[in-house]
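Student: I would like to learn how to read the features of a model such as this one. Please start with the strands.

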Amino acid sequence: MEESKPYKISKQVVLNAFKRVKANRGSAGIDGQDIKEFEEKLKENLYKIWNRMSSGCYFPPPVKLVEIPKKTGGKRGLGIPTVGDRVAQMVVKMYFEPKVEPLFHENSYGYRPNKSALDAIGQARKMCWKYDYVIEFDIKGLFDNIDHELLMRAVRKHVNEPWILMYIERWLKAPFINSEEEKIERNCGTPQGGVISPVLANLFLHYAFDTWMVRTNPEAPFERYADDAIIHCKTEAEAMEILARLNQRMKECKLELHPEKTKIIYCKDKEREKEYPVTEFDFLGYTYRKTFIKDRTGRLQFNFLPSVSKKSTKSFRDKIKAMRIHSFTGSKIEIIAEIINPTIRGWLNYFMKYNPSTVRYSIDCVNRRLVKWAMCKFKRFRGHKKRARDWLNKLAKREPRMFAHWALGMFP
């Protein structure tokens with residue numbers, strides 16, 4: 001019976017936690033077990049998790065360390081817990097998150113219910129019209145460097161349940177296993193890839209940055225998405241002063257600002273025309289810069305706006321090229337659409353929100369790949385790029401919903 005256990009954890013919550021983990025998908029941890037295999041003995045596996053957690057004897061297995069390339073170059077470590085451990089983390093998250101979520105600042109957008117990166121981008125756009133300067137800053141390896149003692153101090157402030165505190169501490173200390181099967185002990189950080197990590201990182205930065213900003217720089221609004229944040233300032237002098245204080249604040253919290261990725265930007269547009277070394281910045285995949293665009297009355301003029309960034313464009317084009325569509329010569333075009341539409345649709349949904357006219361250049365890459373596929377598949381088009389494009393163009397006008405971008409009139 002549940003009542004006989006030292007910690008009261010609902011079996012229903014454990015089941016709901018599994019459903020959320022399943023919906024999030026994800027790959028196998030160090031035990032090699034994926035969600036499908038875990039589900040084969042679902043009742044037994046969930047009972048084991050509930051029994052151990054409610055008895056106080058659940059110990060997380062080591063976390064699989066996978067190194068993935070950064071968009072900016074280099075690599076970052078991603079920690080992949082086992083499926084069972086993700087379920088256990090989700091159980092704690094479902095009890096823990098409602099305690100801290102209401103405290104978080106309205107301009108903290110990352111990994112939060114009913115908030116998104118697009119909300120942060122839209123708010124930043126409005127603030128850039130009102131404030132002349134932006135501080136763009138980057139925290140060096142936030143997820144790898146969060147101080148455990150400071151983090152647990154924040155957790156204890158909002159949590160009374162001993163079992164939640166106990167399991168969070170165990171997850172913070174769970175070692176990594178790298179690709180060489182070596183065990184790496186951990187004394188700081190919370191694994192990027194862990195279910196509980198985003199809410200822990202948000203709580204840490206809530207105190208390290210958000211409440212500090214409100215207390216010490218109430219005149220300077222900000223937007224933060226996890227460790228990606230910008231601050232708006234009226235003058236360059238104010239920006240320099242806040243940046244100096246922010247540098248000191250991060251050191252107090254045992255974090256460090258990235259010197260090359262932290263800078264002050266002047267929001268240059270039709271009315272703000274002074275010369276300044278840096279007049280654009282990237283935030284959540286968009287580049288904010290002086291852009292020539294039609295206003296509401298139809299006049300062309302400069303404005304400071306977000307558009308899809310060069311890095312995001314290159315990443316999308318590389319992804320499309322890596323799919324090697326042209327090699328699927330045995331497939332019908334409907335199959336090609338099934339393969340690539342999820343990628344195109346997700347990308348368009350994100351980058352068509354602001355200044356959508358800049359998206360077409362990226363989508364041209366998809367159309368060129370489709371032309372190449374048609375030339376490889378049909379003998380009559382070999383060596384005849386124009387014929388292949390004309391055929392696809394007619395097909396697009398006849399079946400505009402076949403591809404996500406065709407539905408928006410972005411034909412070959």
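Tutor: Two strands pair if DSSP finds at least two bridges between them. Helices (H or I, at least four residues) and strands (E, at least two) are DSSP runs, numbered from the N terminus. This is a predicted model, in which local features need pLDDT of at least 70 and side-chain atom pairs count only at pLDDT 80 or more, while totals for chains, interfaces and linings use all residues. Residues are numbered from 1 along each chain as its sequence is written, and side-chain values use heavy atoms, with hydrogens and water left out.

Student: Which residue in strand 7 is the bridge partner of V134?

Tutor: The partner of V134 is H232. Strand 3 (residues 133-138) and strand 7 run antiparallel and are joined by six bridges. Strand 6 (residues 222-225) is also antiparallel to strand 7, with four bridges, and there E223 stands opposite I230.

Student: What lies between strand 6 and strand 7?

Tutor: The two strands form a hairpin with two residues between them, and A226 in the turn has a positive phi of about 55°.

Student: Which residue takes a positive phi in the hairpin of strand 9 and strand 10?

Tutor: In that hairpin, L284 takes a positive phi near 55°, and two residues lie between the strands. Strand 9 (residues 281-283) pairs with strand 10 (residues 286-294) in the antiparallel sense over three bridges, with D282 opposite T287. Strand 10 then pairs with strand 11 (residues 300-308), again antiparallel, over nine bridges. I293 stands opposite Q301 in that pairing.

Student: How many residues of strand 7 are buried?

Tutor: Buried means under 20% relative accessible area, exposed over 50%, and partly exposed in between (1.4 Å probe, protein chains only). Five of the six residues of strand 7 (residues 228-233) are buried, so the strand is largely enclosed by the rest of the structure.

Student: What span does helix 4 reach, and what is expected?

Tutor: The expected span of a helix is 1.5 Å times one less than its number of residues. Helix 4 has 18 residues and reaches 25 Å from its first C-alpha to its last, close to the 26 Å expected.

Student: Where in helix 4 does a kink lie?

Tutor: The bend at a residue is the angle between axes fitted to the seven residues ending there and the seven starting there. In helix 4 a kink of about 30° lies at M94, shortly before the proline P98.

Student: Which residues have the most contacts inside the largest nonpolar core?

Tutor: A nonpolar core is a set of buried Ala, Val, Leu, Ile, Met, Phe, Trp, Tyr and Cys residues joined through side-chain atoms within 4.5 Å. The largest one has 69 residues, and those with the most contacts inside it are M53, V92, F96, V155 and I231. Helix 9 (residues 197-216) gives the largest share of this core, ten residues. A second, separate core of 50 residues includes I121, A124, F316 and V366.

Student: Which residues does F96 touch?

Tutor: Contact means heavy atoms within 4.5 Å. Leaving aside residues up to four places away in sequence, F96 touches V155, V159, I164, I168, I196, V199, L200 and L203.

Student: How many salt bridges does a search of the whole structure find?

Tutor: A salt bridge is a side-chain nitrogen of Lys or Arg within 4 Å of a carboxyl oxygen of Asp or Glu. The search finds 16. One of them joins E161 and K99, with the closest N and O atoms 3.0 Å apart. This pair links distant parts of the chain, 62 residues apart: E161 is in the loop between helix 7 (148-158) and helix 8 (162-173), and K99 is in helix 4 (residues 83-100). E161 is partly exposed at 24% relative accessible area, and K99 is partly exposed at 31%.

Student: Are R112 and E101 buried or exposed?

Tutor: R112 counts as buried at 9% relative accessibility, and E101 counts as buried at 16%. These two residues form a salt bridge, their closest N and O atoms being 2.7 Å apart.

Student: How are R245 and E241 placed in helix 10?

Tutor: An α-helix has 3.6 residues a turn, so residues three or four places apart point the same way. R245 and E241 are four residues apart in helix 10 (residues 236-252), and so are separated by about one helical turn. Their salt bridge has its closest N and O atoms 2.6 Å apart.
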